[in-house]
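Q: I would like to learn how to read the features of a model like this one, starting with the ligand and moving on to a helix and the core. Could we take them in turn?

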Amino acid sequence: MDWGVSNRVSRIMRGGRTVMLAVDHGYFQGPTTGLENPRKTITPLLPYADSLMLTRGVLRTSVDPEHPVPVVLRASGGTSILKELSDEGVTTSMDEAVRLNASAVAVSIFVGGEKERQTLLNLSELVNEGERLGMPVLAVTAVGREMERDARYLGLACRIAAELGARIVKTYYCQDFEKVVGGCPVPVIIAGGKKVPEREALQLAYSAVSKGAAGVDMGRNIFQSSDPVGMIRAVRAIVHDGSTVDEAAKLLAGPKAARA
Ligand code: R5P
């Protein structure tokens with residue numbers, strides 16, 4: 001791996017593991033619950049995030065440039081929840097990513113989606129530019145409503161992302177997840193998905209890292225929790241310290257939350 005790419009990846013992955021805080025939802029969902037005021041949501045969580053995944057708009061308006069958190073800059077978009085989600089283009093140039101001192105850029109691919117080819121070419125375009133400048137590209141395997149989130153499908157999507165040059169792949173946890181990781185030659189991290197009870201989300205993180213995930217890129221299950229700081233600390237304990245779900249749940253505020 002080129003030194004610049006390697007250095008940027010190591011800013012994101014501490015000892016090969018990462019707790020990435022995803023706060024990019026607004027790029028197609030608008031003011032998502034819990035993210036109506038991004039600065040208010042993000043600021044208390046920053047000390048516990050290995051990296052922050054977000055758009056340039058939220059980065060510029062809602063994160064102090066003095067903060068050392070590595071940035072994974074969302075660089076694909078152009079659609080909304082009102083339209084066909086796979087119809088994405090590249091929204092943020094590699095020059096902009098360098099200017100914003102990003103540690104990686106993120107792009108969604110929609111394997112099996114209506115605009116599959118377009119999104120795979122978005123990834124390829126960013127990889128071509130990124131490799132020239134030493135910027136790693138993280139591929140997000142977005143799943144259309146019609147797709148089954150099983151190991152066969154997610155394994156296909158992750159492998160294609162890696163083959164096209166993604167340095168990190170973000171996907172969803174599924175049964176037989178070890179097969180997804182086993183077929184993907186770059187680190188795989190998981191999205192949290194829609195909000196579920198805290199303990200369930202911690203179990204998801206635990207199962208994923210136990211089966212080979214390099215960590216999480218988690219959003220709603222942290223910032224929509226009744227105890228966002230406790231939740232990100234609990235996720236960190238699982239990803240970085242090898243804690244069990246019971247041990248991690250003790251970091252949540254109060255016995256009620258720990259039982260949730
Ligand atoms: C979705 O496309 C966004 O990229 C989110 O960053 C991603 O889904 C992770 O967030 P969550 O844990 O809320 O699913």
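Q: How far does a polar side-chain atom of histidine 25 lie from an oxygen atom of the ligand?

A: For a polar contact one looks for a pair of N or O atoms within 3.5 Å. In this predicted model, a polar side-chain atom of histidine 25 lies 2.7 Å from a ligand oxygen, while lysine 170 places a polar side-chain atom 3.0 Å from an oxygen atom of the ligand. Glycine 219 takes part through its backbone, with a polar atom 2.8 Å from a ligand oxygen. The protein buries 95% of the 360 Å² that the ligand exposes when taken alone.

Q: Which residues around the ligand are the closest?

A: Of the 14 residues that surround the ligand, the closest are Asp24, His25, Lys170, Gly219 and Arg220.

Q: Against which elements do the buried residues of α7 pack?

A: A residue counts as buried when its relative accessible area is under 20%. In α7, which covers residues 151-163 and reaches 17 Å from its first C-alpha to its last, close to the 18 Å expected, the buried residues include Tyr153, Leu154 and Cys158. The buried residues of this helix pack against β6, α6, β7, β8 and α8, and just after α7 glycine 165 takes a positive phi of about 115°.

Q: Which members of the largest nonpolar core touch the most other members?

A: Such a core is a set of buried nonpolar residues joined through side-chain atoms within 4.5 Å. Here the largest has 74 residues, of which Leu52, Leu123, Phe177 and Leu202 touch the most other members. Apart from it lies another core, of 14 residues, among them Met53 and Val140.

Definitions and conventions. Residues numbered from 1 in each chain as written. Predicted model: local features only at pLDDT ≥ 70, side-chain atom pairs only at ≥ 80, totals over all residues. Heavy atoms only, no water. Helix = DSSP H or I, 4+ residues; strand = E, 2+ residues; numbered from the N terminus. Expected span 1.5 Å × (residues − 1). Buried < 20%, exposed > 50% of the residue type's maximum accessible area, 1.4 Å probe, protein only. Contact = heavy atoms within 4.5 Å. Near = heavy atom within 4 Å. Polar contact = N/O pair within 3.5 Å; in protein donor to acceptor, adjacent residues only side chain to side chain. Areas by Shrake-Rupley, 256 points an atom, 1.4 Å probe, with all protein chains shown as cover.
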